[in-house]
Amino acid sequence: MTMNIETKQQHVEATMRLAPVIPVVIIEDAKHAVPMARALVAGGIPAIEVTLRTPAALDAIRAIAAEVEGAVVGVGTVLTASDLQAAERAGARFAVSPGMSPKLLAAADDSTLPLLPGIATASEAMALFERGYRHLKFFPAVPAGGAKLLGAWASPLPQIRFCPTGGISLATAKDFLSLSNVLCVGGSWLTPGDKLNAGDWAGIEQLAREAAALRA
Ligand SMILES: O=C(O)C(=O)C[C@H](O)[C@H](O)COP(=O)(O)O
């Protein structure tokens, strides 16, 4: 069953509005997934992007989708049509890609999984706007031009809302969140590898709490 782009974009918008930050997670051990997601949800961060950068990622998505009440689990680092299909079968509720390609966009058209595609130029944003996308990831946010570049798009591209990701920290998130065309930011700082490996779920909950408080 397919779903039209407007409906899928509404889902993306709702997900982006759940909290000021979407944590970008690299998970090495699927056993960490459930306690990590519970800590994030307890700290006020429900939407979680599990990147397909490790073999454990799909098992992690399956576990969070099945066991963590209040979590909205998504898939990140989606590069191909088969990534999208595998993540949808695993129970992902949204998908994020670092960029866009014709094949991936065609697969997204055929999928019910809402896609938040990445862009780094106004031309890419316009190409996706033509296809009905109104919510985009700005990647890699800091190296590509940061809040200054994104702010410069607010006037000529007023219909588009962004989730900047890449190089953002707790300290710099506010520079982006204060822009009129930003709904949330993405970042890996909430789930550092040392805390995951140590099982420091209280520490992750604290990082989530600080991130959730960014929207005053
Ligand atoms: O996996 C993806 O789909 C990506 O596009 C890359 C991530 O968004 C960045 O790796 C964020 O990581 P930090 O810069 O450490 O916050």
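Student: Is Asp-109 buried, partly exposed or exposed?
Tutor: In this predicted model, the relative accessible area of Asp-109 is 34%. Buried means under 20% and exposed means over 50%. Since 34% lies in between, Asp-109 is partly exposed.

Student: With which residue does Asp-109 form a salt bridge?
Tutor: The closest N and O atoms of the pair are 2.7 Å apart, and a salt bridge needs them within 4 Å. The partner of Asp-109 is Arg-131.

Student: How many residues apart in sequence are the parts that Asp-109 and Arg-131 tie together?
Tutor: Asp-109 belongs to helix α5, residues 102-109. Arg-131 sits in the loop between α6 (122-130) and β7 (135-138). The pair therefore links parts whose separation in sequence is 22 residues.

Student: Which helix holds both Asp-59 and Arg-62?
Tutor: Asp-59 and Arg-62 form a salt bridge, with their closest N and O atoms 2.9 Å apart. They are 3 residues apart, about one turn of the helix. That helix, residues 57-67, is α3.

Student: How many charged residues are in the lining of the largest pocket?
Tutor: The largest pocket holds about 200 Å³ of space. It is lined by 15 residues, and among the closest to its centre are Arg-53 and Lys-137. By class, the lining has 5 nonpolar and 7 polar residues, and the number of charged ones is 3.

Key. Residues are numbered from 1 along each chain as its sequence is written. This is a predicted model: local features need pLDDT of at least 70, side-chain atom pairs count only at pLDDT 80 or more; totals for chains, interfaces and linings use all residues. Side-chain values use heavy atoms; hydrogens and water are left out. On a 1 Å grid over the protein atoms alone, a cavity is a set of points where a 1.4 Å probe fits but cannot get out, and a pocket is an open set with protein on both sides within 12 Å along at least five of seven lines; lining residues have an atom within 4 Å of a point. Grid points are joined across faces, edges and corners, and a volume is the space filled by probe spheres set on the points. Ala, Val, Leu, Ile, Met, Phe, Trp, Tyr, Cys and Pro count as nonpolar, Asp, Glu, Lys and Arg as charged, and the others, Gly among them, as polar. A salt bridge is a side-chain nitrogen of Lys or Arg within 4 Å of a carboxyl oxygen of Asp or Glu. Helices (H or I, at least four residues) and strands (E, at least two) are DSSP runs, numbered from the N terminus. Buried means under 20% relative accessible area, exposed over 50%, partly exposed in between (1.4 Å probe, protein chains only).
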